[in-house]
Amino acid sequence: MSWICPKCERELRNVNQFHNCVKVSLDSLFEGRPAELELVFDKILAEVAGWDNVLISTSKNCIVFVHKRTFFVIRPMQKQLDLKFYSKTKPESPIIMKSTFQAGKYENSTRISLLTELTTELFGMIKNSYLLL
């Protein structure tokens, strides 16, 4: 069951859940950025939105994907999308830019800018984050 904040209209898991209460449109996060980034985001969205019980919302500078907890965050940058997701173990993959151990899990980051960078390996890592949290 979810709750929609009356101020920012963001869909959240719990009533009065703490969040960054700022109303932001998805389109505004992509203003002034290459059209390819929006295509990359759309392809990710088409995949992840189909998973069970996923809530998707925007905050001040990112798009947040929640299952039981936040499992995936996309932050549009000037020329790339910064992707953050979680894992039980440190990924040994060249696509991971940074991996930090925090609160019993690894927080992993990568950046992509082209549709060709959306691989089954990357989608697998995002799916594992969804299953983990």
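Visitor: What makes Val-40 a contact of Leu-118?

Guide: Contact means heavy atoms within 4.5 Å. Leaving out residues up to four places away in sequence, Leu-118 touches Val-40, Lys-43, Ile-44, Ile-112 and Phe-123. Before we go on, please keep in mind that this is a predicted model, where local features need pLDDT of at least 70, side-chain atom pairs count only at pLDDT 80 or more, and totals for chains, interfaces and linings use all residues. Residues are numbered from 1 along each chain as its sequence is written, and side-chain values use heavy atoms, with hydrogens and water left out.

Visitor: Why is Leu-118 called buried?

Guide: Buried means under 20% relative accessible area, exposed over 50%, and partly exposed in between (1.4 Å probe, protein chains only). Leu-118 has 12% relative accessibility, so it counts as buried.

Visitor: Where does Leu-118 sit?

Guide: Leu-118 is in the loop between β8 and α3 (120-132). Helices (H or I, at least four residues) and strands (E, at least two) are DSSP runs, numbered from the N terminus. From Leu-118 to Glu-92 there are 26 residues in sequence and 17 Å in space, C-alpha to C-alpha.

Visitor: How do you know whether Ser-109 is buried or exposed?

Guide: Look at its relative accessibility: the value is 13%, so Ser-109 counts as buried. Ser-109 belongs to strand β8, residues 105-112. With neighbours within four places in sequence set aside, the contacts of Ser-109 include Leu-83, Ile-95 and Met-97.

Visitor: What makes Glu-31 exposed?

Guide: Its relative accessible area is 57%, so Glu-31 is exposed. You can find Glu-31 in the loop between α1 (26-29) and α2 (35-48).
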